[in-house]
Amino acid sequence: MILPMDETLILAAVDISGRSHLGFKVSIPSQRVGDFDTELVEEFLYAFVRHANLTLHIKKLDGTNTHHIIEGIYKSFARTMAQAVKINEEFKDEIPSTKGVL
């Protein structure tokens, strides 16, 4: 998923693999947005991938506005997860994995 958010462009990709890894290539310009500590964005995603046992990559392709960067991260992450878990009606009785298990 590549998501534009005004001047910001965020890439998100997920593999529900049973192996936890976070690739987070995002520089966030400001340490705070209002009362929100922007370091918590990466911390939340790290905790999520560890507990969900999945691989997630988030990369900022463009952008300078901290609010738009963070909003783009969460929107691209949410849409990527929604797409990853959606049942394809054409293959609904098959396990969507080359290994045959999830």
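**Entry 1: Thr80**

I looked up Thr80 and, leaving aside its neighbours within four places in sequence, found it in contact with Met1, Ala12, Ala13 and Val14. Contact here means heavy atoms within 4.5 Å. The model is predicted, so I note that local features need pLDDT of at least 70, side-chain atom pairs count only at pLDDT 80 or more, and totals for chains, interfaces and linings use all residues. Residues are numbered from 1 along each chain as its sequence is written, and side-chain values use heavy atoms, with hydrogens and water left out.

Thr80 sits in helix H2. Helices (H or I, at least four residues) and strands (E, at least two) are DSSP runs, numbered from the N terminus. Is Thr80 buried or exposed? Thr80 is buried, because its relative accessible area is 7%. Buried means under 20% relative accessible area, exposed means over 50%, and partly exposed is in between (1.4 Å probe, protein chains only).

I then checked Thr80 against Ala12. A polar atom of the Thr80 side chain lies 3.4 Å from the backbone oxygen of Ala12. For a polar contact, two N or O atoms must be within 3.5 Å; within protein, one must be able to donate a hydrogen and the other to accept it, and residues adjacent in sequence count only if both atoms are side-chain atoms.

**Entry 2: the sheet**

Next I traced the strands. Four of them form an open sheet in the order S1-S2-S6-S3, with mixed pairing. Two strands pair if DSSP finds at least two bridges between them. Which strands are at the edges? They are S1 and S3, and each pairs on one side only. From one strand to the next, the twist averages 15 degrees.

I looked at S3 and S6 in particular. They run parallel and are joined by five bridges. Gly23 has His57 in S6 as its bridge partner.

Then I placed the helices. H1 lies across S3 and S6 and runs at about 160 degrees to S3. H2 packs on the sheet and touches S1, S2, S3 and S6. The direction of H2 makes about 30 degrees with that of S2. Axes are lines fitted to C-alpha atoms, for helices over the stretch in contact, and angles run from 0 to 180 degrees between N-to-C directions.

**Entry 3: the core**

In soluble globular proteins, nonpolar side chains tend to be buried together. I looked for such a group here. The largest nonpolar core has 16 residues, and Phe24, Leu45, Leu56, Ile58 and Ile73 touch the most other members. A nonpolar core is a set of buried Ala, Val, Leu, Ile, Met, Phe, Trp, Tyr and Cys residues joined through side-chain atoms within 4.5 Å. S2, strand S3 (21-25), H1, S6 and H2 each supply at least two residues of this core. Which element gives the most to this core? H2 does, with five residues.

I followed up Ile58. Leaving aside its neighbours within four places in sequence, Ile58 has contacts that include Ile10, Leu11, Phe24, Leu45, Ile73 and Phe77.

**Entry 4: the rings**

How many aromatic pairs does the structure hold? I found three. Rings of Phe, Tyr and Trp (its six-membered ring) pair if their centres lie within 6.5 Å; planes under 30 degrees apart count as stacked, over 60 as edge-to-face and the rest as tilted.

Phe44 and Phe48 have ring centres 6.3 Å apart and planes at 40 degrees, so this pair is tilted. Both residues lie in helix H1, four residues apart, about one turn of the helix. Phe44 is partly exposed at 40% relative accessibility, and Phe48 is partly exposed at 28%.

Phe48 also pairs with Phe77: the ring centres are 5.1 Å apart and the planes are at 85 degrees, so the pair is edge-to-face. Phe48 lies in helix H1 and Phe77 in helix H2, so the pair ties together parts 29 residues apart in sequence. Phe77 is buried, at 8% relative accessibility. Ring pairs link Phe44, Phe48, Tyr74 and Phe77 into a cluster.

**Entry 5: loops and the tail**

I ended with backbone angles. Asp6 is not a glycine, yet its phi is positive, about 55 degrees. Asp6 lies in the loop between strand S1 (2-5) and strand S2 (8-15), and it is exposed at 61% relative accessibility.

Asn53 is not a glycine either, and its phi is about 60 degrees. Asn53 lies in the loop between helix H1 (39-52) and strand S6 (55-62). Its relative accessible area is 36%, so Asn53 is partly exposed.

Last, I found Asn88 in the segment after helix H2 (66-85).
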